[in-house]
Amino acid sequence: AQVCAAGQCQALVLGAGWRAYSLAFTLPAGAPLEFTIRSGTFAAPDGRRLGVMLGTAAIISIVQ
């Protein structure tokens, strides 16, 4: 999967089961807080197309 914000992208290696990921992005002052999560689909053994299920997303702003 790939998570992008402010023209910066970071790759995540995904696996089966629930996982927690933390990513840090540096945004220019006053930039809108927008992000995109992209993940390709894959074929299950029974032929269905499956993808990533997102349980929770949180944004924490740290001002320095």
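Cys-4 counts as buried because its relative accessibility is 9%, where buried means under 20% relative accessible area, exposed over 50%, and partly exposed in between (1.4 Å probe, protein chains only). Cys-9 has 43% relative accessibility and therefore counts as partly exposed.

This is a predicted model, in which local features need pLDDT of at least 70, side-chain atom pairs count only at pLDDT 80 or more, and totals for chains, interfaces and linings use all residues. Residues are numbered from 1 along each chain as its sequence is written, and side-chain values use heavy atoms, with hydrogens and water left out.

The structure holds 1 disulfide, a term for a pair of cysteine sulfur atoms within 2.5 Å. Cys-4 and Cys-9 form this link, with their sulfur atoms 2.1 Å apart. The link is right-handed, with 110° about the S-S bond.

Strands (E, at least two residues) and helices (H or I, at least four) are DSSP runs numbered from the N terminus. Two strands pair if DSSP finds at least two bridges between them. The pairings of strand 1 (residues 2–5) are listed here.

| Pair | Bridges | Direction |
|---|---|---|
| Strand 1 and strand 2 (residues 8–11) | 4 bridges | antiparallel |
| Strand 1 and strand 3 (residues 36–38) | 3 bridges | antiparallel |

Strand 1 and strand 2 form a hairpin with 2 residues between them. Ala-6, in the turn, has a positive phi of about 50°. Cys-4 stands opposite Cys-9 in strand 2, and these two residues also form the disulfide. On strand 3, Arg-38 is the bridge partner of Gln-2.
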